[in-house]
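I opened the notebook today to look at how one protein chain is put together. Here is what I looked up, in the order I went.

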Amino acid sequence: MRYSAFSIVKNALSGNLNWKPAWRQPEPKPFYDVIIVGGGGHGLATAYYLAREFGLKNIAVLEKGYLGSGNVGRNTTIVRSNYMLSGNEPFYEFSMKLWEGMERDLNYNAMLSQRGVINLYHNDGQRDAYVRRGNAMWMEGVPAELLDRAALQKMLPFLNFDHARFPIMGGLLQKRGGTARHDAVAWGYARAADRLGVDLIQNCEVTGIRRENGVVTGVETSKGFIGCGKLGLAAAGNTSRVGEMADLKLPIESHVLQAFVTEGLKPAIDHVITYGAGHFYISQSDKGGLVFGGEIDGYNSYAQRGNLATVEHVMEEGVAMIPGLSRVRVLRSWGGVMDMSMDGSPIISQTPIDNLYLNCGWCYGGFKATPASGWCFAHLIAKDETHPVARFLRLDRFERGYPIDERGAGPQPNLH
Ligand SMILES: Cc1cc2nc3c(=O)[nH]c(=O)nc-3n(C[C@H](O)[C@H](O)[C@H](O)COP(=O)(O)OP(=O)(O)OC[C@H]3O[C@@H](n4cnc5c(N)ncnc54)[C@H](O)[C@@H]3O)c2cc1C
């Protein structure tokens, strides 16, 4: 069933009783050409592009919970392509372009809102770093704009410009950046993949990876053994656990990241704003809630919840940037498990094991990467060839000494 104005009217006239489920609930077949582990944004997008772009027919996504129960439904929904390093920027810009055509492509309203992302700077050194980043973006053909204090004051009068310790001097703006409705992205890819015949199997936990003569032949799951020709891992925060099933020790640590939403307000913040004096970012959802977050909790964990010390820290940063926030009530907070890589950049790669492919290392930033990650992972699995924009994202970069350290923080996952 295609979604359209016509289908809304038609279904309304019949009491909305004839909508079809957005995807089927199939039982697993004994064998698939490709199995993807993880029904998050990346796993679902990979399955969709495998079927649509590369013509594969016999594909399954195995999800241990329900589709979208992981980070894809827990993030703060920011999409942008304002990276500096050539290992990252072309990849994220490819993603941005896919975002711009996604809703039409999937026939699903992902509520993409290109409202502009502004990174604030508070000192000369930070301004110079943003100038460099902006220039690097322009070199890849991606527009960026440096805003001075006067321009910012006009756009965002509610910011604390004269904070004694962190006065705001200006910001770097990417106008095409913004937000998208996170779970709609998961649902859109799921529905579109299902329409192309992909089996989306929920409540199916992968518990083991079977290998014969060094080659992957299938997975043990809570629904029994399922054979496969190729196996793609897109388990985000659980990557190291799933990797262990194939004796892979990966350069990934899992950390908790929390996020928060306030009561609904009238339109107040019409950009995505990030604080340069700490790690804080905020935007307003279409429902009116202010959605914000800060840093990871700082210790390794697989729990989808964080601690109160970080809650306090995030609130302090928010109020330092926007004093008026202290008057708003927070409705909810939650956490997700982040697959933090050693250099803060993702991995889309073959592995030392035949027929086993890896997609992970998304740190804080994997939501914006969803379409490009799916496309490039599908390209790799289907053709056994790295997509050109993902050519620097291989697992062996750590052995070869080619990390992509966007933040310059060194080989320490919790600092990226
Ligand atoms: C609070 C928070 C805020 C964030 N904000 C942003 C942001 O603003 N912008 C941005 O770009 N990124 C953001 N991110 C990061 C982004 O959400 C993630 O990087 C991205 O969603 C990860 O990819 P995914 O969607 O495939 O992951 P997930 O949705 O986590 O998918 C992985 C799936 O694998 C499943 N799985 C794991 N193990 C198994 C198994 N053994 N068997 C079967 N299934 C398994 C899990 O259940 C899960 O559903 C944020 C993350 C969090 C937690």
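Before any distance between domains, a note to myself: the domain bounds I used come from an automatic or database domain assignment. I also kept in mind that this is a predicted model.

**Entry 1, domains.** I found the chain divided into domain 1 (25-78 + 84-93 + 100-105 + 182-252 + 343-415) and domain 2 (114-178 + 254-341). I then looked up their C-alpha centres, which lie 28 Å apart. The contact draws on 30 residues of domain 1 and 27 residues of domain 2.

Which elements give two or more residues to the side of domain 1 that touches domain 2? I noted helix 3 and helix 7 (239-244). Helix 3 supplies the largest share, 3 residues. Sorted by class, this side of domain 1 has 13 nonpolar, 13 polar and 4 charged residues.

Next I went to helix 4, residues 124-139. Its 16 residues reach 23 Å from first C-alpha to last, close to the expected 22 Å. I listed Tyr130, Arg133, Gly134 and Met137 as its buried residues. Seen down the helix axis, these fall within an arc of 100°, so they line one face of helix 4. What do the buried residues pack against? I got helix 3 (89-106), strand 4 (117-121), strand 5 (145-148) and strand 6 (170-174).

Definitions and conventions. Residues are numbered from 1 along each chain as its sequence is written. This is a predicted model: local features need pLDDT of at least 70, side-chain atom pairs count only at pLDDT 80 or more; totals for chains, interfaces and linings use all residues. Helices (H or I, at least four residues) and strands (E, at least two) are DSSP runs, numbered from the N terminus. The expected span of a helix is 1.5 Å times one less than its number of residues. A residue is buried if 20 or more other C-beta atoms lie within 10 Å of its own, exposed if 12 or fewer, and partly exposed in between; C-beta atoms are placed from the backbone. The arc is that of the directions from the helix axis to the C-beta atoms. Two residues are in contact if their C-beta atoms, placed from the backbone, lie within 7 Å. Ala, Val, Leu, Ile, Met, Phe, Trp, Tyr, Cys and Pro count as nonpolar, Asp, Glu, Lys and Arg as charged, and the others, Gly among them, as polar.
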